[in-house]
Amino acid sequence: MHAVLWEVVAVSEQVGEASLEEFALPESWRPVLAGETSQPYFGALAEFVAAQRAEHQVFPPQGEVFSALEATPYEKVKVLLLGQDPYHDDGQAHGMCFSVRPGTKVPPSLRNIFKELRTDLGVETPDNGYLMHWAEQGVLLLNAVLTVRAHEANSHKGKGWEKFTDAVIRAVNDRAEPCVFVLWGNYAKKKLPLIDTTRHVVVQGAHPSPLSAKLFLGSRPFSQIDKALADLGHEPMDWRIPNLEES
């Protein structure tokens with residue numbers, strides 16, 4: 001059966017037609033993740049999220065769960081930045097780790113990222129936290145868990161997303177083209193066994209959360225990423241985020 005049809009059939013056995021779009025993978029990722037979407041756990045996960053949306057407010061909004069995969073096609077990934085859980089306050093999460101849409105107040109972790117980026121590379125702090133410019137250059141902004149109930153951090157932890165996003169990490173690891181994996185914080189560092197460090201470069205460090213900001217600030221992760229990209233033969237990153245008036 002064609003991969004796209006198989007994906008739709010597998011998920012539709014568990015959830016209604018209204019939820020199909022939410023769990024249809026972006027085209028470039030379908031061949032490498034089709035084995036996941038056809039497994040029972042994925043159908044159960046889709047059913048869980050659909051039930052949560054019926055009873056609660058869930059972030060990111062429907063249709064934005066796979067925004068990171070949509071923005072950064074499989075064959076274009078050169079950096080994988082791993083977050084843990086989507087933002088859980090109103091108007092923040094849109095399917096890309098650490099990023100918020102233009103006009104949304106920049107959350108504390110992202111403020112620390114911008115602060116370190118300025119210290120490390122002299123990049124001016126933007127007036128918004130929309131990281132699409134990074135994603136379009138090949139930075140996969142992947143959370144380990146892709147949905148969350150409003151105002152309840154980690155509320156969708158352990159429901160199946162981790163199994164799916166581990167498969168995403170493995171798929172990137174299995175590519176012939178080497179890339180840079182960025183693991184900030186103890187949770188992200190637990191994914192190190194999924195990565196072949198003889199072919200890829202791993203940049204590890206403290207999480208930019210205010211709880212660990214003293215360790216993150218001054219760690220110069222962006223310089224490390226840029227050096228790794230150069231060593232792997234990739235084009236350098238343009239870390240600057242366009243200001244709203246430039247958009």
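Which strands does helix 10 (residues 221-231) lie across? Helix 10 lies across strand 2 (79-83), strand 5 and strand 6, running at about 160° to strand 5. Here helices (H or I, at least four residues) and strands (E, at least two) are DSSP runs, numbered from the N terminus. Angles run from 0 to 180 degrees between N-to-C directions, with axes fitted to C-alpha atoms, for helices over the stretch in contact.

## About the model

This is a predicted model, where local features need pLDDT of at least 70 and side-chain atom pairs count only at pLDDT 80 or more, while totals for chains, interfaces and linings use all residues. Residues are numbered from 1 along each chain as its sequence is written, and side-chain values use heavy atoms, leaving out hydrogens and water.

An open sheet of 4 strands has the order 3-2-5-6, with parallel pairing (strands pair if DSSP finds at least two bridges between them). Strand 3 (139-143) and strand 6 (201-205) stand at the edges with a single partner strand each, so one side of each is left without a neighbour in the sheet.

Strand 5 (residues 180-184) pairs with strand 6 over 5 bridges in the parallel sense, and Trp184 stands opposite Gly205 in strand 6.

## The core

The largest nonpolar core has 72 residues, and Trp134, Leu140, Trp161 and Phe164 have the most contacts inside it. Such a core joins buried Ala, Val, Leu, Ile, Met, Phe, Trp, Tyr and Cys residues through side-chain atoms within 4.5 Å; buried means under 20% relative accessible area (1.4 Å probe, protein chains only). Helix 7 (residues 161-174) gives the most to this core, with 7 residues.

Key
Buried means under 20% relative accessible area, exposed over 50%, partly exposed in between (1.4 Å probe, protein chains only). Contact means heavy atoms within 4.5 Å.
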